[in-house]
Amino acid sequence: IPQPPGFIIGTVNDAYVHPPSDPFEGSRHWTIERVIGLGLIPLTIAPFAAGSISPIADSILSILLLVHCHAGFTSCIVDYIPRRVYGKLHFAALRLLGIGSLVSLVGIYEMEVHDIGFTSIFMKLWFP
């Protein structure tokens, strides 16, 4: 998208136009990321302390890891593929991330229901 010289639109006497607010930006987004990060701490330590965890806790750990990764990649897209510069590519990157996260969620379901679970697979790979 072509930008005006100096990225300034209008004159210095024009009133400031606030960008539309987004619920996934700002302090709420930061708080959600921190709550997910704090939730990952006990769920990550539990398999090493107990040897294995329940299937429900294993599923919660897998889903929290996916949500944590999705939020991190969303932040990367917002920072490095900004909407005002790349336009439709920004939305395409976000949609591609959403599709990848959905496919990963299906993979987590298959792994938890039809296989031995995330932590058991990780333990077999880490401690052969």
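Which residues is Ile36 in contact with, leaving aside its neighbours within four places in sequence?

**Figure 1. Contacts of Ile36 in the predicted model.** Leaving aside neighbours within four places in sequence, Ile36 touches Leu64, Val67 and His68. Ile36 also belongs to the largest nonpolar core.

**Figure 2. The crossing of helices H1 and H2.** H1 spans residues 27-50, and H2 spans residues 55-80. Their axes come within 10 Å. The crossing angle is roughly 145 degrees. The crossing is left-handed. On the H1 side, the contact is made by His29, Glu33, Ile36, Gly39, Leu40, Leu43 and Thr44. H2 brings Ala57, Ile60, Leu61, Leu64, Leu65, Val67, His68, Ala71 and Ser75. By class, this contact has 10 nonpolar, 5 polar and 1 charged residues.

**Figure 3. The largest nonpolar core.** Five residues form this core: Ile36, Leu40, Leu43, Ala57 and Leu61. H1 and H2 are the elements that give two or more residues to the core. H1 gives the most, with 3 residues.

Figure 4. Along the sequence, the pattern reads α-α-α-α-α. The C-alpha atoms fill a box of roughly 65 × 25 × 20 Å along the principal axes. The radius of gyration is 20 Å, whereas a compact globule of 128 residues would have one near 14 Å. Buried residues make up 19% of the 128 residues. Of contacts between residues at least 6 apart in sequence, 61% join residues at least 24 apart.

Definitions and conventions
Residues numbered from 1 in each chain as written. Predicted model: local features only at pLDDT ≥ 70, side-chain atom pairs only at ≥ 80, totals over all residues. Heavy atoms only, no water. Axes fitted to C-alpha atoms, helices over the stretch in contact; angles between N-to-C directions. Helix = DSSP H or I, 4+ residues; strand = E, 2+ residues; numbered from the N terminus. Left-handed = near helix turned anticlockwise from the far one by under 90°. Contact = heavy atoms within 4.5 Å. Nonpolar A, V, L, I, M, F, W, Y, C, P; charged D, E, K, R; others polar. Core = buried A, V, L, I, M, F, W, Y, C linked by side-chain atoms within 4.5 Å. Buried < 20%, exposed > 50% of the residue type's maximum accessible area, 1.4 Å probe, protein only. Rg over C-alpha atoms; globule rule 2.2 N^0.38 Å.
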